[in-house]
2 protein chains.
Amino acid sequence: MNIHLLTIGDEILIGQIVDTNSAWMSQQLNLHGMRVTGKSSVGDTRQAIVDGLQHAVAQADAVIMTGGLGPTKDDITKKTLATLFGSGMSFHPETYERIEGYFTKIGRVVPPAMRDQATLPDLATILPNKVGTAPGMWFEQAGKVYISLPGVPFEMEYLMRNEVIPRLKTRFEARPILHRTLLTACEGESNIARRIEAFEDQLPENIKLAYLPALGQVRLRLTGTWAGAMTDQAETALGALLDAKKAELWALIPDLVYGVEEESLQSVIGDILVKQGKKFGTAESCTGGYVAHLITSVPGSSQYYPGSVVTYSYEMKHKLLGIHTDILDQFGAVSEQAVRAMAIGALDALDVDVALSISGIAGPDGGTPDKPVGTVWMAVADRKRVEIQKQVFGRDRLKNIQLTGTYALNMVRKFLLEA
Amino acid sequence: MNIHLLTIGDEILIGQIVDTNSAWMSQQLNLHGMRVTGKSSVGDTRQAIVDGLQHAVAQADAVIMTGGLGPTKDDITKKTLATLFGSGMSFHPETYERIEGYFTKIGRVVPPAMRDQATLPDLATILPNKVGTAPGMWFEQAGKVYISLPGVPFEMEYLMRNEVIPRLKTRFEARPILHRTLLTACEGESNIARRIEAFEDQLPENIKLAYLPALGQVRLRLTGTWAGAMTDQAETALGALLDAKKAELWALIPDLVYGVEEESLQSVIGDILVKQGKKFGTAESCTGGYVAHLITSVPGSSQYYPGSVVTYSYEMKHKLLGIHTDILDQFGAVSEQAVRAMAIGALDALDVDVALSISGIAGPDGGTPDKPVGTVWMAVADRKRVEIQKQVFGRDRLKNIQLTGTYALNMVRKFLLEA
């Protein structure tokens with residue numbers, strides 16, 4: 001079955017809010033074997049909603065609308081749907097009681113506008129919203145399903161989980177679909193494509209490979225579908241086939257794959273550190289705390305990450321990391337010698353087993369002919385060895401910082417695995 | 001003029017990525033007086049793209065497509081557009097040279113697939129992409145404009161700023177429009193709205209106020225439009241009217257406004273520090289380097305920011321900041337006493353004039369009944385005084401970190417201005 005998501009509201013069109021709702025809805029529907037074949041956004045007018053619905057339903061079995069409900073929006077979605085489907089509107093006591101209960105719980109008086117909120121199209125099946133005021137609505141017309149939900153994320157999520165998905169699964173036969181994702185770092189999309197070309201060409205009809213690139217990283221997603229109904233047996237077989245293909249793909253590029261599914265470089269490093277019982281610290285210059293931020297964005301990172309320093313100035317590199325000033329004077333802070341000394345210095349300064357150091361020129365200014373903007377040196381050290389890497393990225397400050405984060409964390413990962 | 005945004009790619013439909021591109025594009029187009037009247041997303045197939053285009057162009061003067069370019073997507077967008085418009089494809093030497101230059105700069109061999117990347121529809125005006133490999137394309141057919149851009153955000157942003165927006169402004173007569181923006185921190189949208197209600201009610205017809213909320217911040221944007229052609233005189237008059245309204249608005253909420261237009265809390269703090277000739281440093285615990293990252297994302301921050309420490313563990317708080325362990329033992333790391341000692345300790349440890357310290361429970365775990373997840377203490381100190389603040393945010397780790405960043409930087413700003 002095919003679903004179209006239609007978001008209603010000017011705030012999406014002027015870019016005032018980012019539409020995170022429809023990504024969440026797609027993920028959930030997908031997980032349950034339902035396919036989103038299109039998404040669209042329209043403004044807060046009757047005409048825009050009617051046009052949007054016509055377009056949506058031409059290519060889908062069901063349309064899920066979000067937004068355009070509630071008194072400040074003049075209940076535009078509800079009124080438009082009632083008119084479109086020729087439905088009268090009636091006061092719905094159950095809904096009003098639920099709204100009363102909601103306001104009582106948060107200790108407020110029920111606003112007069114809530115009588116309108118509880119006046120609903122007679123043809124709609126009402127989906128009770130237990131976490132807010134505007135109920136969801138379910139219409140069926142000429143074999144198609146139209147669902148209207150509030151735009152507030154947690155209200156929409158509540159109704160999707162508890163009302164919409166269970167009802168859709170009963171109403172339509174969900175198409176079986178499963179995913180497996182490999183995460184790669186530090187190689188471009190087209191170079192990866194070249195290395196796995198033969199694999200890709202020989203994939204069975206029912207398995208597709210997608211490349212999902214981000215800055216310095218590419219996710220490789222295998223999607224498997226099934227022609228018949230998804231019995232438990234069919235699901236197990238498709239899962240096994242996908243797992244086999246995933247293993248095959250991984251074996252082609254073991255140097256590039258750092259993790260699977262919802263992992264991140266920082267979560268993978270965290271897992272290795274916990275397993276190896278090691279403490280890790282960072283000494284950053286040009287990335288200015290960005291790598292520390294990535295590492296500490298992982299819940300529980302305090303277990304293996306006692307702390308770090310950002311040493312922007314020569315003085316701090318000397319004072320906090322104990323680097324001899326003659327190293328900095330002779331070779332400069334952006335040099336192999338400096339990052340080596342920083343990483344070794346950080347081992348003692350931070351009392352850790354493994355330390356990462358970074359020094360470079362993030363830009364936009366500060367470059368020289370032999371050290372252009374984008375030049376970054378990185379080092380990883382433990383008590384026995386030091387690995388060093390140099391990269392030259394581009395001219396954009398923030399992009400340089402983010403790319404360095406990916407390269408540096410991947411270097412740490414490999415260093416830990418070689419230990 | 002009306003614009004429709006069409007994103008192409010299964011990754012949007014299955015919810016693997018959140019579509020931040022189209023929010024950014026809407027904002028930019030809006031700033032330049034162009035209106036986005038619809039958005040939609042379709043999958044990676046020829047039929048879906050053709051259907052999506054037909055729907056899009058029925059209601060807009062121009063369609064901007066993102067995604068579906070590049071060798072691993074089989075260049076589906078490019079091929080579909082060439083077929084749709086009856087255009088031949090030719091090798092485009094200029095584009096190939098640009099791609100060669102790009103790979104040379106990053107020290108890589110040009111992959112063979114790049115010859116395809118440089119094979120382009122004859123009818124397209126090529127928009128050179130200086131920050132990636134896939135060029136943008138501009139088609140005109142029957143009075144409508146069709147623009148295709150890569151989906152990688154910074155490549156799309158580069159092409160929008162440097163090629164698409166300037167060309168659209170020449171091709172269509174952009175509606176005369178001017179903006180003035182005030183930036184506020186640490187107050188919610190509805191409380192701000194209440195304080196400026198009378199101002200908002202009395203705005204002239206041709207000036208609108210928009211609230212643009214983000215985590216812990218709200219931008220207030222005044223937009224002025226003009227009925228006739230935008231002569232120099234008209235522009236000056238409208239600009240003066242907007243400036244007067246901006247000053248009026250600012251005077252109503254001087255405690256909330258921290259800056260204007262493209263400034264940020266970190267850039268405003270940087271400007272004050274340069275002006276006051278002061279050095280600044282940070283000692284972070286629960287924010288784990290995020291505040292350091294914000295500060296160092298400003299070009300030239302090394303002038304006033306020698307460095308910082310992230311002290312996650314008790315040991316590092318003692319070792320790097322010299323905090324007496326009995327303070328931590330008696331009051332805990334998340335306490336008024338701890339952040340006071342951290343800020344004062346950071347003044348000496350980092351050799352700075354002003355220091356910020358932060359300690360809290362970012363979550364999702366680690367809360368206690370009297371210190372729930374989301375509890376954050378912040379302190380700002382110089383050699384004479386210490387300001388301290390406590391906040392209790394929510395349960396989401398990343399949101400807590402980001403909200404703390406805003407509250408802490410705003411506190412530093414006020415501290416510096418009171419000096």
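Two strands are taken as paired if DSSP finds at least two bridges between them. In this predicted model, strand β2 (residues 35–42) of chain A meets that criterion with β2(B), to which 4 bridges join it in an antiparallel arrangement. Within this pairing, S41(A) has K39(B) as its bridge partner.

Chain A is divided into domain 1 (2–171), domain 2 (177–260) and domain 3 (265–418). The centres of domain 1 and domain 2 of chain A, taken over C-alpha atoms, are separated by 35 Å. Strand β9 (residues 177–185) of chain A is mostly covered, 7 of its 9 residues being buried. An antiparallel pairing over 9 bridges links β9(A) to strand β11 (residues 217–225) of chain A, and a further 3 bridges join β9(A) to strand β12 (residues 257–260) of chain A, also antiparallel. L183(A) has bridge partners in both of these strands: R219(A) in β11(A) and G259(A) in β12(A).

In chain B, an open sheet of 4 strands has the order β10-β11-β9-β12, with antiparallel pairing. Its edge strands, each pairing on one side only, are β10 (207–214) and β12 (257–260) of chain B. On average, neighbouring strands of the sheet are turned by 25° against each other, direction ignored. Between strand β9 (residues 177–185) and strand β11 (residues 217–225) of chain B there are 9 bridges, again antiparallel, and T181(B) has R221(B) as its partner in β11(B). Helix α10 (residues 232–252) of chain B packs on this sheet and touches β9, β10, β11 and β12 of chain B; the helix direction makes about 15° with that of β9(B).

The largest nonpolar core has 132 residues, and M342(A), A343(A), M342(B) and A343(B) have the most contacts inside it. Helix α16 (residues 397–418) of chain A gives the most to this core, with 9 residues. Apart from neighbours within four places in sequence, A343(A) is in contact with A283(A), A355(A), L356(A), S357(A), A379(A), V380(A), A381(A) and V386(A). A second, separate core comprises 41 residues, including M25(B), V36(B), A82(B) and L120(B).

Several loops carry backbone features of note. A cis peptide bond joins G363(A) and P364(A), with omega about 5°; P364(A) is placed in the loop between β15 (354–360) and β16 (375–381) of chain A. In chain B, the peptide bond from G363(B) to P364(B) is cis, with omega near 5°, and P364(B) is in the loop between β15 (354–360) and β16 (375–381) of that chain.

Positive phi values occur in two residues of chain A that are not glycine. For A142(A), phi is near 50°; this residue lies in the loop between β7 (136–141) and β8 (144–149) of chain A. A142(A) counts as exposed because it has 5 C-beta neighbours inside 10 Å. For E261(A), phi is about 50°, and the residue is found in the loop between β12 and α11 (265–276) of chain A. With 11 other C-beta atoms within 10 Å, E261(A) is exposed.

Technical notes:
Residues numbered from 1 in each chain as written. Chains lettered and ligands numbered in written order. Predicted model: local features only at pLDDT ≥ 70, side-chain atom pairs only at ≥ 80, totals over all residues. Helix = DSSP H or I, 4+ residues; strand = E, 2+ residues; numbered from the N terminus. Axes fitted to C-alpha atoms, helices over the stretch in contact; angles between N-to-C directions. Contact = placed C-beta atoms within 7 Å. Core = buried A, V, L, I, M, F, W, Y, C linked by C-beta atoms within 7 Å. Buried ≥ 20, exposed ≤ 12 C-beta atoms within 10 Å, placed from the backbone. Domains from an automatic or database assignment.
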